[in-house]
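Please read the following report alongside the sequence and the three-dimensional view.

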Amino acid sequence: MIRAMSVVCLGGGVGATRLWRALASEIGQDSITIVVNTADDLWHYGLRVCPDLDTVIYGLSNRQDTERGWGLRDESFAAMETLADLGQDIWFNLGDRDLATHLLRTELLRQGASLSEVAAHLAVVNRLTVRILPMCDEEVGTEIHETRGEWTPFQEFHVKHRAEPEVDDVRYAGIEDAVTPAAVLSAIESASLIILGPSSPIASVMPILSVDRTRAAIQASGAPVVAITPIVSGTPLIDPGEAHRARCRERLMGARGLEHSAVAAAALYADLIDYFVLDEADEKEFAQVEALGVRAIVAPTLTHVHPTVTKDLVGAIVSLSRQLTSFTSAGPLLRARW
Ligand code: FO1
């Protein structure tokens, strides 16, 4: 069957967003739907904050602070500094301009809009034509059980506690009441390619896959499914932000009894994916990935190291999808290397 290119990308956060941005410049925003994790959302000072949704929106509109990995570029923090002067413990920083997004989102929710409607509105006013879909409209919250403590909301564990405490369990509070939005189901159903992004498996991808009918819809889709490894063991991490995110990812995988390795991530997705992109530094895991019944592809994946890595990775994905499916879309796709 010949289908126009329609790529469904799952996952959020800084690493996945780098990939989605490069993919968008290769095949066009109109060809892409991004299903975003909302289980790390929080209510903070009465405002609904959606870090993964905002990272995707800021990243695709080229306004993200890519050094810090979250929030807007050229940001100021006067509101937080003033709250600190008022005696508040500022453990989660909302930039002054970022605050406008949270104010608008919270107001639209208060007026009765769903999170999906708010995300669509924010995409439009940020001049994006990519479709950005929250994984569900209901509130779901990742909670971490710290070994010597209580259940801790994700952002408190990740930001306030710097992902340092030992942990022994993770849960997605509210997941049983979450419903896969119709727009997510129809995007998956008509996809020509589905990509699981290089996002934290337990914090960002599994919440999406745990919503109601999402996993079953991917299994039923005829589209090839490709996962990009979120974990590279063969190269030491130097960037402090990457190291912090890796520690959090490792703690959460450990809490599920999983080792922090690419093959462990591949095993989590094995019943869904056809291809797993392994970093070239982890080529030794090739046979273990293939033993899961998944085709392994070796490519450079450390997209934070150099922009050409992102471009090459996108080229490899587009090339693969091109080999697997015939597309009616010509244009930018024809520039991809294969
Ligand atoms: N990460 C931090 O390490 N410290 C912060 O103060 C912080 C604030 C923040 C505000 C808005 C936002 O969208 C993201 C923010 N992040 C912050 C990033 C966030 O904690 C995580 O990186 C993601 O939730 C993980 O995907």
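Helices, as counted here, are DSSP runs of H or I with at least four residues, and strands are runs of E with at least two, both numbered from the N terminus. On that basis the protein chain, which is a predicted model, contains 13 helices and 14 strands. Its radius of gyration is 19 Å, close to the 20 Å that the globule rule gives for 338 residues, so the chain is as compact as a globular protein of that length. Along the principal axes, the C-alpha atoms fill a box of roughly 60 × 40 × 40 Å.

Helix α7, which spans residues 182-189, has V184, L185, A187 and I188 as buried residues. Seen down the axis of α7, these buried residues fall within an arc of 165 degrees, so they line one face of the helix. The face turned away from that buried side carries A182 and E189, which are exposed. The partners against which the buried residues of α7 pack are listed below.

| Element packed against by α7 | Residues |
|---|---|
| β2 | 7-10 |
| β3 | 32-36 |
| β6 | 131-134 |
| β10 | 193-196 |
| α9 | 214-220 |

V118 belongs to helix α5, residues 115-125, and counts as buried because its relative accessibility is 1%, where the cut-off for buried is under 20%. Leaving aside residues up to four places away in sequence, V118 touches R105, L108, L109 and A113. The C-alpha atom of V118 is separated by 9.7 Å from that of L133, a residue 15 residues apart from V118 along the chain.

The last topic is open space. The second largest pocket holds about 330 Å³ of space. It is lined by 18 residues, of which R18, T66, E67, T303 and H304 are the closest to its centre. Two or more lining residues come from each of α1 (14-27), α10 (240-255) and α13 (307-324). Which element gives the most to the lining of the second largest pocket? That element is α1, with five residues. By residue class, the lining of this pocket divides into four nonpolar, seven polar and seven charged residues.

Definitions and conventions: Residues numbered from 1 in each chain as written. Predicted model: local features only at pLDDT ≥ 70, side-chain atom pairs only at ≥ 80, totals over all residues. Heavy atoms only, no water. Buried < 20%, exposed > 50% of the residue type's maximum accessible area, 1.4 Å probe, protein only. Arc of directions from axis to C-beta. Contact = heavy atoms within 4.5 Å. 1 Å grid on protein atoms, 1.4 Å probe; cavity = no way out; pocket = protein on both sides within 12 Å on 5 of 7 lines; lining within 4 Å. Points joined across faces, edges and corners; volume = space filled by probe spheres on them. Nonpolar A, V, L, I, M, F, W, Y, C, P; charged D, E, K, R; others polar. Rg over C-alpha atoms; globule rule 2.2 N^0.38 Å.
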